[in-house]
Amino acid sequence: MESVIERITRGHFWDFHGGIHPPQQKEITSSKPIKQLALPKQLIIPLQQHIGREGDLLVSVGDEVLKGQALTASTNPMVVPIHAPTSGTITGIKHSVIAHPSGLSQLCIFLDVDGEDKWRERHVCSDLSTLTNHQIIEKIADAGISGMGGAGFPTHIKANSKPDINFLIINGVECEPYITSDDLLMMEHSNGIVDGIKILDKLLNPAFILIAVEDNKPKAIKALQNATTDIEKIKVCSVPTKYPAGGEKQLIQMLTGQEVASGTLPINNGIVMQNVATCFAINEAVRHDTPLIKRVVTVTGQALAKPQNVWALLGTPVNFLLEQCALQPRENVKQPVIMGGPMMGFSVASDLVPIIKTSNCILAPSQKEMPSAFDNQSKEVECIRCGQCSDVCPSQLLPQELQWSAKAKDYPQLEKLNLSDCIECGACAYVCPSQIPLVHYYRIAKAEIRQQQQLDLKAEKAKVRFEARKLRLEKEKIARQEKHKKAAAARKAAMNKSTPEATGAKSAVAAALARVKAKKAAKDDSSDNNTAEHNQTVNEATTSVADDQKSQVDAAIARAKAKKKLKSDKSSLATPEKSTEQATTSSAKPATNNESPADAKKAKIAAAIAKAKAKKLNKGDEPAEQKNEPEALAENTKAINTDKASSSDKDNSTGNTSSPSHNDKKAKVAAAVAKAKEKAKIKAQSATQKESLPNDDNTIKEIDASEVSQIANTDDANTGDTTDKKAKIAAAIAKAKAKKLAKDNKSSQEVLDNKCSSKNNDETTKQTNEST
Amino acid sequence: MNILLAILVLGSIAALFGALLGYASVRFKVDADPIVDQLDALLPQTQCGQCGYPGCKPYAQAVADGEAINKCAPGGEDTIKKIADLMGVEVQPLDESHSQGDIAQSNRPKVAFVIEEDCIGCTKCIQACPVDAIIGAAKQMHTIIIDECTGCDLCVAPCPVDCIEMRELPDTIHNWQWDLASIPVKQLD
C-alpha cells in the first residue's frame, strides 16, 4: 500500500487497457462561472431519480409545499426521497416523460413555482463532532442523496460500508467530452467538497483518500490542493486524460493498480468511490440541512449562443435550460437534445424532460457537430474485422465478437464473452470505421438477457409454487381420506363395542331412529285424523286405512237400508215408528262394524248374502220386506237386479262369497254402484220434493235417506291413500254403471211401485217421468 | 472336453459380469430420470396445461416418454428448438391445436386481471390457479398477485361472471428493451 501512495506522490499511475482521446470540447463552458438561473414557472419532479424504487407520496394535488420539504418517504433503504426544489403549489401528480432513453412516462409531481423560494425550517449543524455516524447517515438518507456521477446509487448505503476501507476515492475525473460541471464545482466550491470528504472520512475511516482529477483541469486541481493542504490523508491525484478514465473500475486500476473482478464491487477490494458533486451534496445536507434539490448542469453545444454551467433545480424542464442559454434552433430540423455526454448520453424524447439527480449535461449540438441521427443510421456497413474496437475497449472485451453474437441473439455466447462487464462507454463505436453502433447492440442484448433472467426467476418461482400447491392438494386429499376412514372405523367400533360410550352412541342412534319412526307415525295419524274429521259423524273411531274400506261397505249397506226404508216407508206409512227404528239401526250399524277390522269381511259377506237374498226377495216380494234389517239390506240391489241386470250382480255376489281376498275391490265396486244409484235416487227425490209434498212424513224420511247417502258419499271420497287407484277405477266403473242405472232406475222404480203397491202411485210415476 | 471347458469359462465370466452389472445397477441407481428435469428446466413453467398435461413437469415426463415436442404454446419456437436439441430430434413447428387464447399470438407477457366490482367471490378461479396467484375467500372479492401470475389463462374459463381478463403488462422502464429500430428517438412537439 505504501508503494501505491509513493507512486501517487511521485505522480506515477498505472494504466488501464484501451481508451480513446476524443476532442475535449470542454473549453466551451469551462471558462464561465456557474450561473444562477431565474426560477422556472413549473417543475416536473419524477418520483424516481435513482437506482432502486420510488418512495411513497407524502403530498397530494393542491398542497402548498416549502423549499426543501420532502415529497416522498419510505423505510426501504433502496428508496431515496425527493424534495421540493422551491416553494409552490402541487398542481398535478401524473405520468410524464422522464429522462430515460426509452422516452417512457413515469409518475411525476408537477410543482407550480410561486417565486417566493421560501425555505422550510432548517437546523444548521455547526459542529460535526456532536453527531454520531448513524445520525450523519440518517441525514444523508433524508436529504435524498444518490450518486451524482451517473449511476444514481443511494449514497447512504455506500457511506455505511462496514469493512475496513483502504481507499476512499473521490472521482473528479469527468472524462467525457463537453462536460464541465464537476470541473466548475471543484473550482468554485472546493471547500464544500473537502468538507463533504471529511464527513465521509468520519463515516468510513479509510486509510487514504484520493481525489482523482484529470490533468486537463488544472484550476480544479489547484483549488482542491489549496483546500486540502493541511490534511495529510488526502492526496489530490492529477491523472492523465484518457476516456473513460472516469469509469469506476478504470479509475481504481489507474490509481491503485488493482483490478476489480468481474461481478464484484470495489468494496470487496476495500475501496469506496464517490463523485465530487456527491461530496458537495453530503456537506450541504449534513452541515446546512439542505437536501439535494439542485445540481450543476453543463448546458453546452454549438447550437447554443451562451453555453455555460448552471445551477439547475431538480425538475427543471430541458427547454427552460436551453432557453436560458439562448438556443438557436436548426432550420427545418428538430434540434436534437442529448442528456449526458456525447459518448454515453441519450437523446431525450421531449423538451419537457426534467433534470434529475444524475443529469450532468444537456448537449444541443449543431448540424456541424453532430449530423442528424437519422442520417447516421444509414451509414452502418459490414464489420471489416479491423480489430480497433478490441484495442480501445477499457474492459478488455472483444467487441466485434460480441457484436456478432448480439446480432445472432446468441445469449449464452454473449455471457461467455462477458458482455456484463461492458460499461457501455462507446469507445468501440467511436473508433469503428464501419460506423456500427456497437453499444446499441450490446444494450439490446443486455436488456434481453436481463429479461430472460427475470423470466427464468419467475419460472423457477412458478415451478416452486406449482409443486407446493400439488403437494398441498395431495396432503389435503390424504388427510380427507384418512379422516373418512377414521370416522367410519369409529362408527363401526361404536356399533360393535359394548362400552358405556359405545352403548351410549348406540342408544343415541336407536333413539334417533325411534324419533324418526315416531314422527312418521304421527304424520300418518294426523292424516287419518283429518279424514276422520271430515267423516264427521259416522266413523268417529276410524284409526286405520282399512277402516276406510270397511266404512265404504258400511256406507253402501247404510244406503241400501235407507233406500229400503224409503220404500218400506212408502209401503207401510202406517208404521212410522218402525221406519225410524230402522233408521237408527242403520246408522248404528256402521259403528258396530267399525269395532274390529275382521268385521269388514263379515260385513262384506253379509252384504253379498243380502244381495243374494235381495234377488230372492225380488221374486218373493212382500215377505222379504217384513224380514229383519240385515236381510233387507240390499233393497236397492234388488232394484237393480230386476230383469236383465240380475246376472252381473249375481257374479258380484258369488265373487264376494267365493274369494274373500278380493272382497275389497268388489265391495268398492258395489259401493260405487250404490253411490251412482243414490245419485239417481236423489234426483228422483228432488223431483218428488219439487213436484209436491203430499205426505210430510214421507218427505222427512226421504231427506233422512238422502242425508245418509251424503255421508256415504263423503265416506267414499275419503278412502285411504292405498286405495286411491282402486277408488279411481271404481269411480270409473261406477260412472259407467251410473249411466246404465239411469235407464235401470226408471224401470226399477216402476217395478218397485208395482210391487209395493204404494198409495203414492201417481207420485212415483211422476218421479220416473222426471228422472227420464 | 475342450468345448465344455470353454462353455464353463465363458459362462462363469458371463455370470461374473452379470453379477457386477446387477450390483452396479442397485448401488449406483439414479432415482429420477435426469432427462425429465432437464426438459422441465426448458419449459416456461406457466403450468397452463395447453399441452394437454396438468403442468410443465408432467409434459416433460411425457416428452421423455416419446410425446411430441411441439405442444408447448407459451414456450413457442424457442422452447421447441431447445427440446429438439436436448432430445436429438427434428425441430417441429408449433402444434397450433395446443395453443389457445392469445398467448401464442403475442409475445407480450400477459397477466390475469380481476374486474373487482364484478367479482362475486365464488373462489372458482382460486381453485383453477396452478400457482396460487389469486387471493380471496368465499364471498370476498378476489385479486391477482401480478408478480406470481404466469399468464396461463386457466382462471378465465371457470369464472361464472366473466370478471377475469388477460391484460398485457404495461411498458415500464424496468421491462423496456432497447430497440435498434427506435434509436432515432422521435421528438414530440
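Let me start with strand β12 of chain A, residues 294–300. In this predicted model, β12(A) is mostly covered, with 7 of its 7 residues buried. Buried here means that 20 or more other C-beta atoms lie within 10 Å of the residue's own.

Which way do the residues of β12(A) point? Lys294(A), Val296(A), Thr298(A) and Thr300(A) point one way, while Arg295(A), Val297(A) and Val299(A) point the other way.

Now the neighbours of β12(A). Strand β13, residues 308–313 of chain A, runs antiparallel to β12(A), and 6 bridges join the two. Within that pairing, Thr298(A) has Asn309(A) of β13(A) as its bridge partner. Strand β16, residues 361–363 of chain A, runs parallel to β12(A), and here there are 3 bridges. Val299(A) stands opposite Ile362(A) in β16(A). In general, pairing of either sense goes through backbone hydrogen bonds.

Next, another sheet in chain A. This one is open and has 4 strands, in the order β2-β7-β6-β4, with antiparallel pairing. Why is one side of β2(A) and of β4(A) left without a neighbour in the sheet? Strands β2 (42–46) and β4 (64–65) of chain A stand at the edges, and each has a single partner strand, so one side of each has no neighbour there.

For β2(A), 5 bridges connect the strand to β7(A), residues 105–113, in the antiparallel sense. In that pair, Ile44(A) stands opposite Phe110(A) of β7(A).

Note on methods:
Residues are numbered from 1 along each chain as its sequence is written. Chains are lettered from A and ligands numbered from 1 in the order in which they are written. This is a predicted model: local features need pLDDT of at least 70, side-chain atom pairs count only at pLDDT 80 or more; totals for chains, interfaces and linings use all residues. A residue is buried if 20 or more other C-beta atoms lie within 10 Å of its own, exposed if 12 or fewer, and partly exposed in between; C-beta atoms are placed from the backbone. Two strands pair if DSSP finds at least two bridges between them.
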